[in-house]
Amino acid sequence: MKKAKQKNPAAVQYTIVPKDLAGHLFTVTVTVAAPASEGQVFALPAWIPGSYMIREFARNIVRIRAESGGQAVPLTKLDKHAWQAAPVDGPLSLHYEVYAWDLSVRAAHLDQTHGFFNGTSVFLRVLGQENTPHQVDIQRPGDPAASDWRVATSLPELGAKRYGFGTYIAADYDELIDHPVEMADFALGTFKAHGVQHDIVITGRVPNLDMARLQQDLKAICEAQIAFFEPKTKKAPMERYVFLTMAVGDGYGGLEHRASTALICARADLPTTAAPKTAEPNEGYTKFLGLCSHEYFHTWNVKRIKPAVFAPYDLQVENYTPLLWLFEGFTSYYDDLMLVRSGIISEATYFKLLGKTVGSVLRGSGRTKQSVAESSFDAWSKYYRQDENAPNAIISYYTKGSLVGLAFDLTIRAKTGGARSLDDVMRALWERYGRDFYEGGGLGQGRGVTEKEVEALFDEVSGVRLKSIFERYIRGTEDVPLAKLYAPFGVKVSDERKNSKPSLDAGIGRDAGGAKLTQVHEGGAAHQAGLSAGDIVIAVDSLRVNGNPCNLDSLFARYRVGDKVTVHAFRRDELMRFEVTLQGDRVPGITIAPMPGTRKTQGLLRPSTG
């Protein structure tokens, strides 16, 4: 990508410095050339797009001051995330420090090993000037520990060289905060997908990283997705894309952006040159590739095809939408599907992964109480604020949303004889609402899609009346009847759960004193006996339970389903006794597989041509 050209200085300019690595402090300066005459107001976002929870990033601003022409300017705090400077003649600058110690994809993190930030955590918004060009100077830390650091970001370079410190440019504030930045001595790989450069950045110690394998597999996934949305032109919606990856001992997560993604993963999930070469990736690496596929699919679905309430975002308050089943759930449906379509995994592996998803949806009774539309709307207060009762109260718009996507796909394919599929609906959403979102000149420029428009488009494009799916599985709480939907294609769905294994039917965690119940499932043995989440089981029939959850399993292995046992547990600091009737393990064991000899599945997992 060519460097951005700019004739005049940007109206809003930032400088960010990793100032104190050990203290985890970024120092930031924002300068406004022409501040508001009544006194310029600044505000830091309260949440970051893609993570639907109020996080109040301004709480990490340690100190802040304003000046103009070398003189201090009074600064008044208006609320928890906004400040107003007194009126001044001439440019106005705010200087502030941001504490960065959140090792996640959502905020900012800084220490002697690396620096990472999302713009929503560090760049105060200049109210009234959000639509003007924004320039940022990313400066090198002075600490010798960071002498070999480089910069990885999808922000267009202004004065900086690729991977270098210096100035970068954004057309407006929305673009500025949509390009996270990583600074470190990172591993770097690159490949082209349908002519577009893609970079892979890996921060963290990863011995014998097989970057060649990673480049090969990600290239296949990216090209499959580009061709999915643009089968004729194979034109990607960005000029360059960056996978920013933090490898840790144990971690998993991702956050989408318009030309990049921030990822965190377990280093064991990354491919290694020390392992034997296999045609299909192992379970951990498959999980990582599925995460990459998910976040990359978001480049189209939610970064450009958006709910109407996200166009534009209001970053100071919750933005409610009942459509996250479409934007997160369908992305979850296609992430693994793209792995099999790109040849990364086999159809058998795909069906195995799908079976796990089905089992996770059926596991909790919350699915009978909350619809995916309600789950979407309540993401701010429920899904992103889960507690120990979550399995009994809520449903995930990711997992059940993915099954809803499958229901649409199978229904459309069955009723049109394979002439159409969900692929056609997704491409229509892209053509009408996504393709021109940032580019301008089209019907979809800057406009999101409403709930009514979604439902009408599904019927129009598929040629099938799909209202029952919306009523029963999206606005209603019925389970998706996958066995029935798969039957016309010769695919059998069965539940092979074994009820012979005695269980408390509760989540079990480690504790120094025994086995801690993390969740108690409604109607299970623990619930019926009166045990609660947070209780620490210390004995079963007077035999000690240690901190290893497997110890509890080995004790229960001496019993049969229906046996009664005496359980001693601490609730807070009080010892309590419970009489428990052991139940069979109620974890679903879903298997999905083509029936022997059938040819009906041919093309079922392949993309439709529209």
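Y252 stands opposite C265 in β20. Strand β20 (residues 260-266) runs antiparallel to β19, and five bridges join the two; strands are DSSP runs of E with at least two residues, helices are runs of H or I with at least four, and both are numbered from the N terminus. This is a predicted model, where local features need pLDDT of at least 70 and side-chain atom pairs count only at pLDDT 80 or more, while totals for chains, interfaces and linings use all residues. Residues are numbered from 1 along each chain as its sequence is written, and side-chain values use heavy atoms, leaving out hydrogens and water.

Let's look at the sheet. Its five strands form an open sheet in the order β16-β17-β18-β20-β19, with mixed pairing (two strands pair if DSSP finds at least two bridges between them). Each edge strand has a single partner, so one side of each is left without a neighbour in the sheet.

| Edge strand | Residues |
|---|---|
| β16 | 187-193 |
| β19 | 252-256 |

Now to the helices. The axes of α4 (residues 283-297) and α5 (residues 324-341) come within 8 Å and cross at roughly 130°; axes are lines fitted to C-alpha atoms, for helices over the stretch in contact, and angles run from 0 to 180 degrees between N-to-C directions. Residues making the contact (heavy atoms within 4.5 Å) include L289 and F297 of α4 and Y334 and M338 of α5.

Finally, H95 is found in strand β8 (residues 92-99). Its side chain is joined to that of T29 by a polar contact of 2.9 Å (a pair of N or O atoms within 3.5 Å; within protein, one must be able to donate a hydrogen and the other to accept it, and residues adjacent in sequence count only if both atoms are side-chain atoms).
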